[in-house]
Amino acid sequence: MKGYNFAYLDEQTKRMIRRAILKAVAIPGHQVPFGGREMPLPYGWGTGGIQVTAAILGPRDVLKVIDQGADDTTNAVSIRRFFARVAGIATTTRTAEASVIQTRHRIPETRLRADQILVYQVPQPEPLYRLEPSRAAARRLHALAEYGAMHVRLYEDIARLGQVAISYDYPVLVNRRYLTSPSPIPAFDNPKLHRMAALQLFGAGREKRIYAIPPYTEVRSLDFEDHPFRPHRADAACALCGSRESYLDEVLTDDRGGRIFVCSDTDYCAGRAA
Amino acid sequence: MAYVAVKGGERAIDAAHAWRAEARRGDPAIPALSTGQIAGQLGRAVERVMAEASLHDPELAALAIRQAEGDLIEAAFLLRAFRTTLPRFGAALPLETGRMAVRRRISAIFKDVPGGQILGPTTDYTHRLLDFSLLDDPPPPPAPRAEDPPGPMPRVATLLEAEGLLRPEPPGEAPPFDITREPLAHPAPRDARLQGLARGDEGFLLGMGYSTQRGYGGSHPFAGEIRMGAVTVEIIPDELGFPIDIGEIVLTECQMVNQFHGSRTEPASFTAGYGLAFGQADRRAMAMALLDRAMQAAELGEAVTAPAQNPEFVLAHADNIEATGFVEHLKLPHYVDFQSEAEAVRRLRAAARAEAAE
Amino acid sequence: MSEPPLLQAEGLCLAYGAQVALDRVGLALWPGEVLAVVGESGSGKTSLLNVLSGRSTPDAGTVLYRDETDASAEVHAMAPPRLRRLYRSEWGFVHQDPRESLRMDISAGGNIGERLMESGQRHYGAIRATAAHWLAEVEIDPARIDEPPRQFSGGMRQRLQIARALVTHPRLLFMDEPTGGLDVSVQARILDLLRRLVARHRIAAVLVTHDLGVARLLAQRIAVMRAGRVVETGLTDQVLDDPLHPYAQLLVSAVLRV
């Protein structure tokens, strides 16, 4: 695009972001501060993911962007068009065809490969922020690997409700060291984080943090031996493709309690229905 | 399928943009605003947008205000996103506000000061009555001019420092922190804090500054000096090696003077809070100075009890572009997370029902 | 006492500006022993507790701790993670104000369980059973395991704090005025409880108190502090019944009413 560098960011900024990414890959799950730039999109709308994507895109990459698992949600459309415009790269809605997938709130149902990169948009990279709002204090807890407070939160849920009541952004321990936010994906997606073949990069623009889960890294959802982590989905089949394995969106069809369930991953659903 | 309709799609986005553009222009029978009109007649808005965007360019700020239809936070966002794409040629030398071409200069702590008190073009003593004559747009009568050019006006803070009454600021050796390039880490040094305040949301600065006056982080501020006027900006280009003048900008500078009770190792003295803003912006500069002082509490050994004294709290929430983005992102679809919550609530309710049935 | 000491301090000095908090203080604590540090407020006893436990750094002097594996290390030279590990397992703290170590909005079970979870326990049922056991140990009805300390009386909060400190079977307890601010009858019950638990589990403790009655009840040995210096040490009965140092004599005659 005239007047702008390939993929919007100048090369110096891209190098700064790549250095942060390399450090993040070297310390799986650790939040690396980076000099996040203002992007022409509002903070909280994927500025972190966009900066990570912009820093890793090459001219031959094929980009897929999803929000809530769907390619045609407004913000996914907007971000896909942004990169088509400022990088002139090919885009796709097919998970299997993409070399880079930027996502908000979902991991595709289709198993990702080692030659793919998954970029997450992260609103709040600090998994401890509800327990410890001071980021300076939280950083100290990470340094000391002091995560008892998060386990206490799970304990309290079980004591009060009989089960852990965290249903999304479910905290994980990466590589047996860092407590990490998987971004607000449903807990259903957490098992896909574990030993994924693709590189997973997480960008938080407003909070100016990047972190990573390298390929095939151990990622454990926090739990207790006698209350093991269990992913949940609606107990229904997709109205379009009949899937009983995929994560489902609930769609209200009238005001009398009518509803159907459909796959949140539109590409997966279309592939099965075809 | 019904559900497809709720998902946006490219056509909806394009249509939304077209509608917005039409609404922005308004009634075509009324002449369009020029950026010159905005820059020339809505100067306070332009200055606020430049401050919060951290870019001094009245014409681009005027364009941003027009494009944002007068939404000043949106305008600051447009201008700041543009700023990020600009190459940087270098850093200016520290501005010499002591050599400001002063248009306004008041001190609340002395009856008179060397160089005198100058009211300048203030609205402070206007009666806040709607002026219906502005509807007819008559040219204002010419303002009287001072006959003698003003003499030298040393900064009041300098006078207090000379007597040892004001805690001296140790000169910094290291190049200042740059919040536009580096992530802020806490505890943040004062240079980073001042930068964060300088582009903080005016409403937030005002509210937080106000809170210190109402007992939330007690300070006893005096307006030591507020001065406004043009200051020369100088840079040293690498190829020249000596400073050259690249223009001047209008600034408001505020020094708040607060009492400091002293400690075991330091005799009592006054301490300063510092505020600096583009244009004529007393409110902004004063609120900034109150907060700068409040945030020194920990360093001065004072009890940190109030939000305004907590630099991490203030700086993490002062930026209106970050704040508006994150508040407004709640309108993005969250139905996947909501679905997972709804399933969890249903599961818990089912468990409770089963327990009750037993 | 052929066994080497658990904690050994030598030559501790600490000053805040011109004010001397500790002046060449040395002491030793043997396994299973309770040592009371007594003195008026401002005598330096809380500073001493903070320095012994690594929470503040002295200007001079050393504090050696001999850990479970019999390895000795200087407390202030330990890397922060190691010190934090001691705080979570081998050491316990009982503060005058239970809010310093309790989470007021987390259940009693969660408060006790946190120490277990921090040291790696991951079995909910086992954690809960241990928490219930320790509630009973400190005479809190285990049926109240899911109530937060916000709903407890001052004495119950203090007992909950003790349960939280003891659940990891610490070898060393630091106590700062553990019964300060409580009614006399409540105090007596907590002192009795502490004495029983410390003896049964053979826990060594440094107890800071201005109350010589508390010291007599809990401690085998006493160190009397004045103006940052230890002016007299000895067996509790000996110091309280027959003090040698003039200041100790004054303190005992002026305060002791037990």
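**Close-up views of a predicted three-chain model**

**View 1. A salt bridge joins A:Glu38 and B:Arg80.** The side chains of these two residues, A:Glu38 and B:Arg80, come together with N and O 3.0 Å apart; a salt bridge here is a side-chain nitrogen of Lys or Arg within 4 Å of a carboxyl oxygen of Asp or Glu. The pair crosses between chains: A:Glu38 sits in the loop between β1 (32-33) and α2 (47-56) of chain A, and B:Arg80 in helix α6 (residues 72-84) of chain B. A:Glu38 and B:Arg80 are both buried (buried is under 20% relative accessible area, exposed is over 50%, and partly exposed lies in between, using a 1.4 Å probe and protein chains only). Helices (H or I, at least four residues) and strands (E, at least two) are DSSP runs numbered from the N terminus.

A word on reading these views: the model is predicted, local features need pLDDT of at least 70, side-chain atom pairs count only at pLDDT 80 or more, and totals for chains, interfaces and linings use all residues. Residues are numbered from 1 along each chain as its sequence is written, chains are lettered from A and ligands numbered from 1 in the order in which they are written, and side-chain values use heavy atoms, with hydrogens and water left out.

**View 2. Chain B meets chain A.** In this interface, 43 residues of chain B are in contact with 60 residues of chain A, where contact means heavy atoms within 4.5 Å. About 4,500 Å² is buried between chain B and chain A, and carbon and sulfur atoms give 58% of that area; buried area is the accessible area (1.4 Å probe) that two parts lose on being put together, summed over both. Six salt bridges are counted between chain B and chain A. Look for B:Asp14 with A:Arg81, whose closest N and O atoms are 2.8 Å apart in a salt bridge.

**View 3. Helix α13 of chain B packs against chain A.** The 23 residues of α13 (residues 335-357) of chain B should span 33 Å at 1.5 Å a residue, and the end C-alpha atoms are 32 Å apart, which agrees. The expected span is 1.5 Å times one less than the number of residues in the helix. Among the buried residues of α13(B) are B:Val336, B:Gln339 and B:Glu343. The buried residues of this helix pack against β11 (248-252) and β12 (259-263) of chain A.

**View 4. Helix α10 of chain B is mostly covered.** Eleven of the 13 residues of α10(B) are buried, including B:Met288, B:Leu290 and B:Leu291. Helix α10 (residues 282-294) of chain B reaches 18 Å from its first C-alpha to its last, close to the 18 Å expected at 1.5 Å a residue. A network of salt bridges links B:Arg48, B:Glu52, B:Asp201, B:Glu202, B:Arg283 and B:Arg284.

**View 5. Three strands of chain A form an open sheet.** Their order is β7-β6-β10 (chain A), with antiparallel pairing; two strands pair if DSSP finds at least two bridges between them. At the edges stand β7 (178-180) and β10 (219-221) of chain A, each pairing on one side only. Neighbouring strands of this sheet are turned by 30° against each other on average, direction ignored (axes are lines fitted to C-alpha atoms, for helices over the stretch in contact, and angles run from 0 to 180 degrees between N-to-C directions). Three bridges join β6 (residues 172-174) of chain A to β10(A), and A:Val174 stands opposite A:Val219 in β10(A).

**View 6. Chain C holds an open sheet of six strands.** The strand order is β6-β7-β8-β3-β9-β10 (chain C), and the pairing is mixed. Since β6 and β10 of chain C each have a single partner strand, one side of each is left without a neighbour in the sheet. Strand β3 (residues 34-38) of chain C runs parallel to β9(C) over four bridges, with C:Val38 partnered by C:Val224. Strands β9 (residues 221-226) and β10 (residues 229-235) of chain C pair in the antiparallel sense over six bridges. These two strands, β9(C) and β10(C), form a hairpin with two residues between them, and C:Ala227 in the turn has a positive phi of about 50°.

**View 7. C:Arg221 and C:Glu33 meet in a salt bridge.** Their N-to-O distance is 2.4 Å. C:Arg221 lies in strand β9 of chain C and C:Glu33 in the loop between β2 (19-29) and β3 of chain C, 188 residues apart. Both C:Arg221 and C:Glu33 are buried.
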